Amino acid sequence: METTRHFVATVYVVNEGATLLHEHEKLDMWLPPGGHVDRDELPHEAALRECYEETGLTPELVADSGGLESETARSLPEPHQFLLEDINVNDGEVGHQHIDHVYYGASESRTVDPAGDDETPAEAWEWFTADDLESRAGELPTDVVEVGMDAIETVQNG
């Protein structure tokens, strides 16, 4: 079986010591806002677009941008995590993977008001503190707990 891979971008939105997650209907797991990188997008742009479409929030990314600027190249905001995620696994074979650029973002608001069409409703989103992530670790993916806690700590100490 051939494995297909798509580039995706995610942003862990943090406000007042909590990060925003929802139970993804198709994947049946709790995840932050994010989605596929379009052909004409850079990963950090896709993360912010997906976040706005899904939540109506416009966080400020907490990301190093490097310092390279030349006539032919420039540094981009660096993801805090760069993950290879198995999405479709059948009989031990991976059919589909996401190459995920994971960013952290600081939000001035907790008001979720999806801006895109056919998005998860606002009431399906929940803010998780580090304690919430730990206490619900059995129902949340291990990587979401770990990265969510890191995002909260990074943004708070940013």
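Some ground rules before the details. Residues are numbered from 1 along each chain as its sequence is written, and side-chain values use heavy atoms, with hydrogens and water left out. Because the model is predicted, local features need pLDDT of at least 70 and side-chain atom pairs count only at pLDDT 80 or more, while totals for chains, interfaces and linings use all residues.

Let me start with strand S1, residues 4-15. Helices (H or I, at least four residues) and strands (E, at least two) are DSSP runs, numbered from the N terminus. Two strands pair if DSSP finds at least two bridges between them. S1 pairs with S7 in the parallel sense, over eleven bridges; Val13 has Gly105 of S7 as its bridge partner. With strand S4, residues 34-36, S1 runs antiparallel and is joined by three bridges. There, Thr10 stands opposite Gly34.

What do S1 and S2 form? They form a hairpin with two residues between them, and Glu16 in the turn has a positive phi of about 45°. The pairing is antiparallel, over two bridges, and Val14 is partnered by Thr19 in S2.

Now S7, residues 93-106, where His101 is found. Is His101 buried or exposed? His101 counts as buried because its relative accessibility is 10%; buried means under 20% relative accessible area, exposed over 50%, partly exposed in between (1.4 Å probe, protein chains only). Contact means heavy atoms within 4.5 Å. Leaving aside residues up to four places away in sequence, His101 touches several residues, including Phe7, Thr10, Pro43 and Phe82.

Last, helix H3: its buried residues include Val144, Gly148 and Ile152.
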